[in-house]
Amino acid sequence: MLALIVMFFYIPVFLAFFWSFFLERPFGGGSEFVGFQNFRRVLSDQEFWRAMWRTLLFMVLAPGTAIGVSLVLALAADRGIRLSQPARNIIIWPKAIAGASIGLVFVFIFNPRLGLFAPLNDLFPGLWNPRIDGTDAYLTLLFAQVWNGIPFNFIILLSGLQTIPDSLTKAAAMDGAGPWRRIIDIQIPLLTPQLFLTFVLEFVGSVVEAFGLIDTMTEGGPGGATTLLVYKIYVDGFKAYDLSGAATQTALLMTAVAIMVALQFRLEKRVKYER
Amino acid sequence: MKDSGMIENARSVDRAATFILVAGISFILLPLVIAAITATQPYETFIEAGGLSFALGGHFLDNMEKILSETKLLRQLGNSLAIATIVAIMKVGFCFLAAYALVFFEGKFRRALFAVMIATVMLPLDLRVITTYQIVANVAMPLNWILDATGANWAIEKVAGFRPYFRLSLLDTYFGTAAPIAANCTAVFIFRQFFLTLPKDLPRAAIMDGAGPIRFMIDIVLPLSKTPIVATLLFFFVGAWTNYLWPLVAASTPDQQTAVVGLARIADSDIDEIPQVPLLMAGALFVSFIPVAMIAVMQRQIVRGLNLSSR
């Protein structure tokens with residue numbers, strides 16, 4: 001198994017960095033050392049930077065929204081009301097549904113002629129059309145990603161909330177702290193480890209999990225408006241057979257992700273929490 | 001249960017919480033309900049209604065029958081089942097052993113081993129799909145490098161007159177699809193966390209009773225770990241099932257593709273005409289049913305076993 005990890009994790013990671021210094025020909029046509037030429041080519045490509053910014057924006061918006069919504073839901077479910085139990089069960093379902101499957105459903109729901117907004121489009125023609133309008137397409141993608149991202153965050157945050165001792169909440173209530181006050185001064189600070197965990201997971205997740213949604217919903221369009229880096233790498237590598245370019249972008253993206261995760265862990269060490 | 005009702009009047013807060021949960025559950029269920037309703041409509045009614053409508057159609061079984069007879073989704077469902085099972089067993093088996101070694105043994109390489117495994121959590125498979133594909137397309141590639149680098153190839157060329165080049169592709173196989181997904185050590189942390197909660201005297205008592213490390217593992221640790229093992233098995237099964245990018249490139253023939261990939265390919269084929277939406281919605285339910293049922297039934301066990309609260 002350790003051999004499998006070397007074979008299917010370390011060698012591919014190494015190979016991405018290795019190939020980024022070579023001009024690799026498709027179909028095994030040999031290779032040639034080219035130094036930093038691949039990096040120069042990729043970094044001077046406007047398309048790369050556009051995809052990079054779209055990815056970064058997505059990495060901020062999708063986890064932020066998904067975790068925010070999950071937090072509100074978890075706080076509500078933590079009150080132990082009648083709906084808490086069904087909510088805990090149903091809200092986790094999207095975790096079991098592939099992005100590429102729910103993507104097809106969302107394509108239909110957001111279809112300008114057949115979907116939910118079709119009546120609106122009859123009243124105001126051209127108001128909503130993710131097939132033509134890049135912003136609309138980006139929004140549908142974001143919406144689907146949030147839908148798919150809620151369950152895991154919700155479960156983590158709810159588990160965290162439920163370990164907060166009852167006595168703490170009760171003591172605060174006795175001191176006259178209302179529900180809002182308790183959320184802001186007790187529950188959220190004590191939830192720091194779980195919030196941190198969800199941010200780390202969602203950050204990495206939003207980079208890669210969007211692929212299934214993009215491929216089924218927009219195929220990167222219209223006009224590249226939803227081409228995130230992970231999709232661009234796939235198209236460059238598997239459709240355009242530009243192995244060196246794809247490997248170079250892989251190396252850059254892996255470095256960016258590794259740095260961001262490392263930074264988040266640094267940040268976590270600074271934030272000390274005691275229970 | 002948090003009940004502060006004795007101290008303050010919590011009714012209005014509870015009402016707000018109920019409202020939030022209703023909104024949340026509706027948000028999650030809405031796409032699924034729309035998919036389910038549309039899956040019952042015959043194509044003709046769907047066209048007549050001009051698209052999305054909330055009228056039940058009574059053609060659910062017909063649509064399912066079409067899925068079974070006109071597509072390869074049933075076969076692909078079997079592929080998903082096989083691949084997800086292989087992934088879950090490989091991942092959990094390895095991570096259990098690795099965590100066992102990390103927690104119960106002192107060793108020189110412990111820190112190094114831990115570092116080797118932490119990296120696999122940071123860089124998911126979808127990020128390195130290009131080069132992983134190249135390796136799976138020819139798993140003998142590293143062997144060729146070694147032969148080249150050590151000069152063995154040069155020697156063989158001198159003696160035999162040809163340069164050996166080994167080639168073995170695992171594309172379009174269950175193992176080739178499953179192994180790269182399984183090469184990930186997330187569960188090591190879950191098991192490690194769990195083992196650390198076991199009483200410290202447990203291994204000492206086992207040694208006193210004359211049990212070796214393997215005996216101790218099989219007779220004591222394994223039965224105690226039932227909850228996390230079941231939870232991680234289910235969790236990774238579902239994770240592998242819903243994977244898309246890797247299975248998409250690892251298997252190119254419809255007979256070897258997973259159900260999730262197969263469904264997306266059906267949707268791909270008719271992009272210009274009005275798509276067979278009711279059929280696609282039936283397909284989406286068809287490929288999602290097994291993992292959703294697992295999660296819905298085993299929700300408590302999964303949450304408890306993954307021990308998400310104490311990380």
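What percentage of the 311 residues of chain B count as buried? The figure is 39%. A residue is buried if 20 or more other C-beta atoms lie within 10 Å of its own, exposed if 12 or fewer, and partly exposed in between, with C-beta atoms placed from the backbone.

This is a predicted model, in which local features need pLDDT of at least 70 and side-chain atom pairs count only at pLDDT 80 or more, while totals for chains, interfaces and linings use all residues. Residues are numbered from 1 along each chain as its sequence is written, and chains are lettered from A and ligands numbered from 1 in the order in which they are written.

Start with confidence. The predictor states its confidence in each residue as pLDDT, from 0 to 100. Chain A has a mean pLDDT of 83, and 96% of its residues reach 70 or more. Helices (H or I, at least four residues) and strands (E, at least two) are DSSP runs, numbered from the N terminus. In chain A, confidence is highest in helix 3 (residues 46-77), at a mean of 90. Confidence in chain A is lowest in strand 2 (residues 31-33), at 73.

Now look at chain B. It has 16 helices and zero strands. Its radius of gyration, taken over C-alpha atoms, is 26 Å. The C-alpha trace of chain B spans about 75 × 75 × 30 Å along its principal axes.

Chain B is split into domain 1 (1-59) and domain 2 (71-310). These bounds come from an automatic or database domain assignment. The C-alpha centres of the two domains of chain B lie 34 Å apart. Two residues are in contact if their C-beta atoms, placed from the backbone, lie within 7 Å. Nine residues of domain 1 of chain B are in contact with eight residues of domain 2 of chain B. On the domain 1 side, helix 1 of chain B gives the most, with four residues. That side has seven nonpolar, two polar and no charged residues. Here Ala, Val, Leu, Ile, Met, Phe, Trp, Tyr, Cys and Pro count as nonpolar, Asp, Glu, Lys and Arg as charged, and the others, Gly among them, as polar.

The two chains also touch. Chain A puts 83 residues into the contact, and chain B puts in 67 residues. Helix 1 (residues 2-19) of chain A gives the most to the chain A side, with eleven residues. The chain A side divides into 60 nonpolar, 15 polar and eight charged residues.

Which helix of chain B has seven of its nine residues buried? That is helix 9 (residues 174-182) of chain B, so helix 9 is largely enclosed by the rest of the structure. Its buried residues include B:Ala178, B:Ile181 and B:Ala182. Their cover includes helix 1 of chain A, along with helix 4 (73-104) and helix 13 (226-242) of chain B. B:Val87 touches B:Ala178, B:Ile181 and B:Ala182, among others.

A nonpolar core is a set of buried Ala, Val, Leu, Ile, Met, Phe, Trp, Tyr and Cys residues joined through C-beta atoms within 7 Å. The largest nonpolar core has 157 residues, and B:Val87 is one of those with the most contacts inside it. Helix 4 of chain B gives the most to this core, with 15 residues. Both domains of chain B give residues to this core, so the core lies between them.

Key: The radius of gyration is taken over C-alpha atoms; the globule rule is 2.2 Å times the number of residues to the power 0.38. Lists of a residue's contacts leave out its neighbours within four places in sequence.
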